[in-house]
Amino acid sequence: MKYLDEFQDPALARRLFDEIRATVTRPWALMEVCGGQTHSIIRHGIDQLLPDEIELIHGPGCPVCVTPLEMIDKALEIASRPDVIFCSFGDMLRVPGTGRDLFTVRGEGGDVRVVYSPLDALRVARANPDKQVVFFGIGFETTAPPNAMTVYQARRLGIRNFSLLVSHVRVPPAIEALMTSPDCRVQAFLAAGHVCSVMGTEEYPELAERHRVPIVVTGFEPLDILAGVRLAVRQLERGEHRVENAYPRAVRAEGNPAARAMLADVFEVTDRAWRGIGTIPASGWRLAEAYREFDAEHRFAVGDLTTVEPAECRSGDVLQGLIKPHECEAFGTRCTPRTPLGATMVSSEGACAAYYLYRRLGGVPTPVKAAPVG
Amino acid sequence: MCLAVPGKVLTIEERDGTRMATVDFGGVVKDVCLEYLPDLAVGEYTIVHVGFALQRLDEQSAQQTLALFQGLGLMEEEFGDAWEQAAEQAGEPAPAPSPPAAPTAAPAAAAPEGSAR
């Protein structure tokens, strides 16, 4: 496919590998923020082909994984109601809540539907005026504008049986939280390309300066990842800490002004709990006052829930880059995509799912080198 | 979740007061909302996420990036391939004539989602 295949070219990949190998002189730890990048790295074996000096730490940029258990349980409760059609991206259906998931709810008779776009959920609401239609609004800055537009359209068209269960998260506060953690080993970030397609790069120079850490906006194809690693390593070797853009075909400094304006209108910044990590100040969005009537949490008054997280699940450590997935004792045995302990094992962007898909075979438990205990 | 795929705009129309397009993803055609890129034109490429065009794909920039990657190998062409030299030093036989550098056209059946990660 045009503009995908060209960025998977093995001959050019080798040139980039050679260039990186010629640049690196000592060990560096880089974090790729986005789970889509993690999957690309593991699927193509990029981490194994890079020089030994370079370690890629997998970041928390998997919105399915970080959606707090309490929010999953609220979704389960709302989806169980007989007057509700609950719409969601497919990834969320297998995410374990307390004791069950959205598939269980569907098996018990709940009307749970997978949609490709939030606009599909709005269409369902129009076609079913006697039902309450709820869309599970998760995601980072990439997914927030589509959800914001859907709520905006619902208000404009007067579709009052539609509401959004909002659990949006933002990347810069997560980078701040990681860099201020005493366990942090990250020396450079590969920032999430499509988040920056929307938001631009303006939020990052201050972070790079204050934490003296290179931040390189990076895409998702193998050559894009290598281009990001190349620029990050070059900065580290030179002792620099700047924001660079290794994904200029899809990212402009100002981002998408129309999408940013809509975000500012429909949402307001709020503190948000991240599953396995804890509450990060100002790291989320909720609906602004003018759109509060479309907030599913208000409409259904789900209230306080008691949540129980499996003690054995170490997804929080995985999401913070403290361990690699296969270093968890339950990996591939008591925790698999069919019997997940945590969301990282079932999301298409979860690091545990990536390792299970691409690394569990091969004789030895895993071909990757164990990371130093951080 | 932040998976977003480049596609080419085929048609543009107003629907319910919303600017919508049909976009071709290597053979798969989908409806896409253009409200965030209202000046996108037929024939242009865009990055699409969950049914929304989020950013114009800058074709000139894509070509420049690929040209930059091509240029990275200039030293190698001057002084020989370091990988082959290393293999030679290790006593391995010279490889057979190398296959074409770029892969031939991907099979038509390649699913857009699978190839986009």
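Biologist: What should I know about the conventions?

Modeller: This is a predicted model, where local features need pLDDT of at least 70, side-chain atom pairs count only at pLDDT 80 or more, and totals for chains, interfaces and linings use all residues. Residues are numbered from 1 along each chain as its sequence is written, chains are lettered from A and ligands numbered from 1 in the order in which they are written, and side-chain values use heavy atoms, with hydrogens and water left out.

Biologist: In what order do the 6 strands of the open sheet in chain A run?

Modeller: Terms come before the case. Helices (H or I, at least four residues) and strands (E, at least two) are DSSP runs, numbered from the N terminus. Two strands pair if DSSP finds at least two bridges between them. In chain A, the order is 4-3-5-6-11-10, with mixed pairing. Strand 4 (111-114) and strand 10 are the edge strands, and each pairs on one side only. From one strand to the next, the twist averages 25°.

Biologist: Which strands show the parallel sense?

Modeller: Strand 5 (residues 132-139) and strand 6 (residues 162-169) of chain A do, over 7 bridges. Ile138(A) stands opposite Ser167(A) in strand 6 of chain A. For the antiparallel sense, take strand 10 (residues 267-274) and strand 11 (residues 278-287) of chain A, also with 7 bridges. There, Ala273(A) stands opposite Thr279(A) in strand 11. That hairpin has 3 residues between the strands, and Gly276(A) takes a positive phi near 80°.

Biologist: Which residues other than glycine have a positive phi?

Modeller: Most residues other than glycine have a negative phi, and most peptide bonds are trans. Two cases here go the other way. Arg212(A) has phi near 50°. Its place is the loop between helix 11 (204-210) and strand 8 (215-218) of chain A. Ala282(A) has phi near 55° and lies in strand 11 of chain A.

Biologist: Why does Thr344(A) count as buried?

Modeller: Thr344(A) counts as buried because its relative accessibility is 3%. The residue sits in the loop between helix 15 (315-319) and helix 16 (351-359) of chain A. Contact means heavy atoms within 4.5 Å. Leaving aside neighbours within four places in sequence, Thr344(A) is in contact with residues including Cys65(A), Leu319(A) and Cys352(A).

Biologist: How do I read helix 13 of chain A against the strands?

Modeller: Axes are lines fitted to C-alpha atoms, for helices over the stretch in contact, and angles run from 0 to 180 degrees between N-to-C directions. Helix 13 (residues 257-266) of chain A lies across strand 10 and strand 11, at about 80° to strand 10.

Biologist: How many residues does each chain bring to the contact of chain B and chain A?

Modeller: Chain B gives 52 residues and chain A gives 63. Buried area is the accessible area (1.4 Å probe) that two parts lose on being put together, summed over both. Here that is about 4,900 Å², 60% of it on carbon and sulfur atoms.

Notes:
Buried < 20%, exposed > 50% of the residue type's maximum accessible area, 1.4 Å probe, protein only.
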